[in-house]
Amino acid sequence: MAWYAVQHKPAQPKRALANLEYQGIECFYPEIDVETIRQGKRTIKREPLFRGYLFINLELTDPIWHKLRSTRGVAKVVSFANKPAVIEDAIINQIREGLNQAEEVGGIKAGDRMEILEGPFRGLNAIFQEYDGEARAMVLIDFLQKQHRVSMDLQSVRPG
């Protein structure tokens, strides 16, 4: 079996994926979490790694090939000289490993312990609460026997 790239119709990746899987075809649709800033707040949005494409794993002799073009959501199979372009297993495995590593690294999450590196609170520990715009963080600092919520530059804190 080999991997092939399939172009899906505009705005129909989930439809193509569902219909291909319903036919018993192994599919791979890599997606990543992307941080965007909307109205001053960071939000995480799931986006495809390869916009407009998904991957299928099939034998070239499989009789399902003639049904692919008429599958709902599928536009075409990526081909060169009227032959479907084969994608090596190693490439698909590298993509999967890269996605796993990206998920492990992630960003700072609410509740993470932080160390303050600069400013009047330098050396104190804090707890990350949320992002405060693109370049700032809202943190909780224990100071004078009370927790204070402080907004500071992301460059001034590090996980620790």
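Me: Is F50 buried or exposed, or partly exposed?
Reply: This is a predicted model, in which local features need pLDDT of at least 70, side-chain atom pairs count only at pLDDT 80 or more, and totals for chains, interfaces and linings use all residues. Residues are numbered from 1 along each chain as its sequence is written, and side-chain values use heavy atoms, without hydrogens and water. Buried means under 20% relative accessible area and exposed over 50%, with partly exposed in between (1.4 Å probe, protein chains only). Because its relative accessibility is 33%, F50 counts as partly exposed.

Me: Where is F50 placed?
Reply: Strands are DSSP runs (E, at least two residues), numbered from the N terminus. The place of F50 is the loop between strand 4 (41–48) and strand 5.

Me: Which residues is L58 in contact with, leaving aside its neighbours within four places in sequence?
Reply: Contact means heavy atoms within 4.5 Å. With those neighbours left aside, L58 is in contact with M1, A2, Y4, I25, I64, W65 and L68.

Me: Which residue's side chain does a polar contact of 2.9 Å join to that of R149?
Reply: R149 is found in strand 13 (residues 146–153). A polar contact is a pair of N or O atoms within 3.5 Å; within protein, one must be able to donate a hydrogen and the other to accept it, and residues adjacent in sequence count only if both atoms are side-chain atoms. The partner joined to R149 at 2.9 Å is E130.

Me: How far apart in space are R149 and M138?
Reply: In sequence, R149 and M138 are 11 residues apart. From C-alpha to C-alpha, the distance between R149 and M138 is 6.7 Å.

Definitions and conventions:
Helices (H or I, at least four residues) and strands (E, at least two) are DSSP runs, numbered from the N terminus.
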